Amino acid sequence: MSVYVRLRVSSEAFVIPVEHVLEVAEFGEVTAVPRTRPEILGVRNVHGQILPVVDLALLLGIPSTAPPGRLLVAEEGVRRAGFAIEEVSGVGELGDPTAETVSDLLAGAIFGDGDLIGVIDVPRIFSLLQGSGALPGARVAQEVGAPQDAGAPQGVRQ
């Protein structure tokens, strides 16, 4: 048995292992950042730290049914981000994932409360976002054929 935070993304039920959850807050004001992945809604200041805000529904390929109402702040190692979700419905113990899923971003699924509940694979999500340059610490992607100034740091165009 593991402890999970239960949440809703659009109309679907998911859980995140509690060890990856720092807090759940009001969605608040998010500042858009130009030229980011579509899943990145922008950034938000949470307790003095600027965090990327990820549209979890879009990332998981789920049609959005309502604007996000909550921000779930997740971490994996030194990486942190806010996940835009509809709501958190509780915290509790569930068995380990027993059902397979088609999504690479899920660690599997659990049958609970009459629902099939997806288990979000936080390390895999962070690796995907960091590899694409969407999270701090990632290499900045360069446009193919874009000229660079020899004096500029790599990945920065002037």
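Modeller: Let us begin with E75, which stands opposite R80 in β7. This is a predicted model, in which local features need pLDDT of at least 70 and side-chain atom pairs count only at pLDDT 80 or more, while totals for chains, interfaces and linings use all residues. Residues are numbered from 1 along each chain as its sequence is written, and side-chain values use heavy atoms, with hydrogens and water left out.

Colleague: What makes β6 and β7 paired strands?

Modeller: Strands are DSSP runs of E with at least two residues, helices are runs of H or I with at least four, and both are numbered from the N terminus. Two strands pair if DSSP finds at least two bridges between them. Strand β6 (residues 70-76) and β7 share seven bridges in the antiparallel sense, so they count as paired under that rule. The two form a hairpin with two residues between them, and G77 in the turn has a positive phi of about 65°.

Colleague: How do you know that β5 and β7 are paired?

Modeller: Strand β5 (residues 49-55) and β7 run parallel and are joined by three bridges. The bridge partner of D55 in β7 is A84. Strands of a sheet pair through backbone hydrogen bonds, either parallel or antiparallel.

Colleague: Why is β7 described as mostly covered?

Modeller: A residue is buried under 20% relative accessible area, exposed over 50%, and partly exposed in between, with a 1.4 Å probe and protein chains only. Six of the seven residues of β7 (residues 79-85) are buried, so the strand is mostly covered.

Colleague: What makes β3 and β4 edge strands?

Modeller: The open sheet of five strands has the order β3-β6-β7-β5-β4, with mixed pairing. Both β3 and β4 (40-46) pair on one side only. Five bridges join β3 to β6 in the antiparallel sense, and A25 stands opposite L71 in β6. Helix α2 (residues 122-131) packs on this sheet, touching β4, β5, β6 and β7, and its direction makes about 105° with that of β7. Contact means heavy atoms within 4.5 Å. Axes are lines fitted to C-alpha atoms, for helices over the stretch in contact, and angles run from 0 to 180 degrees between N-to-C directions.

Colleague: Why is E87 called partly exposed?

Modeller: E87, in strand β8, has 38% relative accessibility and therefore counts as partly exposed. Not counting residues up to four places away in sequence, E87 touches R6, L7, R8 and R70. The C-alpha atoms of E87 and R70 are separated by 5.8 Å, although these residues are 17 residues apart along the chain.

Colleague: Why does V18 count as partly exposed?

Modeller: V18 is found in the loop between β2 and β3 (21-26). Its relative accessibility is 32%, so V18 counts as partly exposed.
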